[in-house]
Amino acid sequence: MALLIKNGHLVDPGAERDGIYHILVGDNGRVSHIFEGDMPDMQGVRVVDADGFYVFPGFTDLHVHFREPGFTKKETIRTGAMAAAHGGFTTVCAMPNTKPVIDSAEHLQEELDIIKRDAIVNVLPIGSMTVNQDGMELSDLEGLKKAGAVAISEDGKSVMDSAILYEGLKRCKELDLPFFDHCEDKSLVRGGVINAGKKAEVLGLPGITNSVEDSITARDIIFAKEIGTKIHICHVSTKGAAYFVYVGQAFGADVTAEVCPHHFMLCDDDIPWDDANYKMNPPLRSREDMEYVRSKLADGTIGMISTDHAPHTATEKKGGFMDSPFGIVGLETAFPLAITGLLGTMTLPDIITRMSLNPAKRIGTGKGTLKEGSVADFVIADLNSEYVIDTEKFLSMGKNTPFSGMKVKGKIIATYVAGRRVYG
């Protein structure tokens, strides 16, 4: 049966629409018509009245960790997809650092079978650059693409051998696969668990310098520019990394970048004590870094907001920085944090562009817009009422977040995938 979403304030930068519209979705799950003003009489149509609410193209997150196969005590594809829907994400890209690592068509097919069985949103797999993410031998990148990988990454670590990375980027270029780049020089980490700064000194913890991220960002953009590979810089956190993205774009590299809400909302000054819910990789940086990254998100140099959703068990995160794993959850807080933290310095269409249109373009899904004929992946949201982030209401198995108890605006009322309600 066809579906009519009426009276909603549609913000769709891809279609250059920002106003009150009525959206008719056909029984094929695609947008049939967009109406403005009075509607023609319709029979046999399900009607949802979105009066007072906003309607956006469904969000795309290029960077999540759903932990399955292998680490299902932390998260599963089913619970991760439910969390995505709760957060307004209709498409997510799952990183390959599972067990086994997604480094072959066989391992990818195992993941795809679980996705087909359990996912209520579009979960798109990313393949590993090297076998077992050991950085020693390239994975079968062609086989991964044929099996359904939408990108290649070594996320969780960098390919430290420059020669191997260079060859891998050449293969990505030949296969037209973007490389999603976690930029971290492991030889410079030296046991660091927090940003190298005053907070690290106060807490007596080993710090991670900006050069850990900056050096790999610069190296990999240089390689990608020379080869012509599409490269996407993950979770930018430093002023230097953001600047290198700007320089790469200016010199013609096909480079895009993302920032996570925790890196534009928090800095290391905000860490109250030795609380592992503030431990992520890259770490919360200085206020200067945070403000510069925000400025590059606002001007479009950093064109996407992703979450790096990284669930862990409560037991794993109950210790301090030295005894707990890196990572926080983010799918269910990204949109309200963006609305609360960015609206005013950025327009609403710009925020939606960075959460819907731009990431969809980077992986070529054709989504991120509600133009006539497009797949009806969309969200209905309330931007006005305030509420408090409550981890007990999360659908993710992970509750590890520094934003618990924060008052925010921007609540997802309902999420639809191909015209089918999957949340709300």
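Helix H7 passes helix H8 in a right-handed crossing, where right-handed means that the near helix is turned clockwise from the far one by less than a right angle, and left-handed that it is turned anticlockwise. Helices here are DSSP runs of H or I with at least four residues, strands are runs of E with at least two, and both are numbered from the N terminus. What we are looking at is a predicted model, in which local features need pLDDT of at least 70 and side-chain atom pairs count only at pLDDT 80 or more, while totals for chains, interfaces and linings use all residues. Residues are numbered from 1 along each chain as its sequence is written, and side-chain values use heavy atoms, with hydrogens and water left out.

To stay with that pair, H7 covers residues 211–227 and H8 residues 239–250, and the two pack at an angle of about 15° with their axes 8 Å apart, the axes being lines fitted to C-alpha atoms over the stretch in contact, and the angles running from 0 to 180 degrees between N-to-C directions. That makes H7 roughly parallel to H8, a term for angles under 35 degrees. The contact, meaning heavy atoms within 4.5 Å, involves Glu-213, Asp-214, Thr-217, Ala-218 and Ile-221 on the H7 side, and Gly-240, Ala-241, Phe-244, Val-245 and Gly-248 on the H8 side.

H8 also packs against helix H10, residues 287–298, at an angle of about 25° and again with the axes 8 Å apart, so H8 and H10 are roughly parallel to each other as well. Here, however, H8 passes H10 in a left-handed crossing. From H8 the contact takes Lys-239, Ala-242 and Tyr-243, and from H10 it takes Glu-288, Asp-289, Tyr-292, Val-293 and Lys-296.

Let me now turn to Leu-383, which lies in strand E16, residues 378–388. Is Leu-383 buried or exposed? Leu-383 is buried, because its relative accessible area is 9%, and buried means under 20%, exposed over 50% and partly exposed in between, with a 1.4 Å probe and protein chains only. Leaving out residues up to four places away in sequence, Leu-383 touches Tyr-54, Phe-56, Phe-335, Ile-339, Leu-348, Lys-409 and Gly-410.

Two of those names, Phe-56 and Phe-335, return in the largest nonpolar core, which has 90 residues, and they are among the members that touch the most others. Such a core is a set of buried Ala, Val, Leu, Ile, Met, Phe, Trp, Tyr and Cys residues joined through side-chain atoms within 4.5 Å.

Methods:
Angles under 35 degrees count as roughly parallel, over 145 as roughly antiparallel, 65 to 115 as roughly perpendicular and the rest as oblique.
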